[in-house]
Amino acid sequence: MSDDLWTYPDSVGRLDVTGYDVEAVDGDVGSVDETSLDAGTSYLVVDTGRWIFGKKILIPAGMVERVDRDEEKVYVARTKDELAQAPEFDQDRYREPGYREQLSAYYAASDGESETAERPTGAGSEDERS
């Protein structure tokens, strides 16, 4: 997955979405401050100022599920909580491979959480019994 993590899905294509609003699976998280369209290293820098004052996060392009050009919205495959806990955007290191590896590890680890986040919790789930 890590190769695909930094590449826009084919269904989205590569386009500049700077200024678009960003929607997590459970609501608004901010707006795109910067877009990279570099093949294999694409990302969005999202300003969460409306939601978490003063924080920016870097979201790999592979997290983008779809883009609504009419509404100027980018939909990402993560919950607000997962994005709130994401490492803060580091202006000095964001182009370094080590920083990208750290982000890849975070988003790969949280991959299963967004799938289970919408399921009701309670006794009887297979994951809780094992």
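The structure is a predicted model. Three aromatic pairs are counted in it. Strand E2 pairs with strand E1 and also with strand E3. Arginine 100 is buried but has no salt bridge.

**Aromatic rings**

- A pair of aromatic rings is described by two things, the distance of the centres and the angle of the planes.
- For phenylalanine 89 and tyrosine 94, the ring centres are 5.0 Å apart and the planes are at 55 degrees.
- Planes under 30 degrees apart count as stacked and those over 60 as edge-to-face, with the rest tilted, so the pair of phenylalanine 89 and tyrosine 94 is tilted.
- Both phenylalanine 89 and tyrosine 94 are buried.
- Tyrosine 106 and tyrosine 107 form an edge-to-face pair, with 80 degrees between the planes and 5.2 Å from centre to centre.
- Tyrosine 107 has 0% relative accessibility; buried means under 20%, so tyrosine 107 counts as buried.
- Tyr43, Phe89 and Tyr94 are linked into a cluster by ring pairs.

**Charges over rings**

- Arginine 66 lies over the face of tyrosine 75, and the distance from the ring centre is 3.8 Å.
- Arginine 100 has its charged end over the ring of tryptophan 6, 4.8 Å from the centre of that ring.

**Arginine 100**

- Arginine 100 belongs to helix H3, which covers residues 97–109.
- The nearest side chain of opposite charge to arginine 100 is aspartate 38, at 6.1 Å.
- A salt bridge needs a side-chain nitrogen within 4 Å of a carboxyl oxygen, so arginine 100 has no salt bridge with aspartate 38.
- Leaving out residues up to four places away in sequence, arginine 100 touches Trp6, Thr41, Tyr43, Tyr94 and Arg95.
- Among these contacts, Trp6 provides the ring under the charged end of arginine 100, while Tyr43 and Tyr94 belong to the ring cluster with Phe89.

**Strands and hairpins**

- Strand E1 (residues 21–24) pairs with strand E2 (residues 27–36) in the antiparallel sense, over four bridges.
- Valine 22 has glycine 30 in E2 as its bridge partner.
- Two residues lie between E1 and E2, and the two strands form a hairpin.
- E2 is also antiparallel to strand E3 (residues 43–47), and this pairing has five bridges.
- Valine 32 has valine 46 in E3 as its bridge partner.
- E2 and E3 form a hairpin with six residues between them.
- In the turn of this hairpin, glycine 40 has a positive phi of about 80 degrees.

Conventions:
Residues are numbered from 1 along each chain as its sequence is written. This is a predicted model: local features need pLDDT of at least 70, side-chain atom pairs count only at pLDDT 80 or more; totals for chains, interfaces and linings use all residues. Side-chain values use heavy atoms; hydrogens and water are left out. Rings of Phe, Tyr and Trp (its six-membered ring) pair if their centres lie within 6.5 Å; planes under 30 degrees apart count as stacked, over 60 as edge-to-face and the rest as tilted. Buried means under 20% relative accessible area, exposed over 50%, partly exposed in between (1.4 Å probe, protein chains only). A charge sits over a ring if NZ of Lys or CZ of Arg is within 6 Å of the ring centre and within 35 degrees of the ring normal. Two strands pair if DSSP finds at least two bridges between them. Lys and Arg count as positive and Asp and Glu as negative; His and the chain ends are not counted. Contact means heavy atoms within 4.5 Å.
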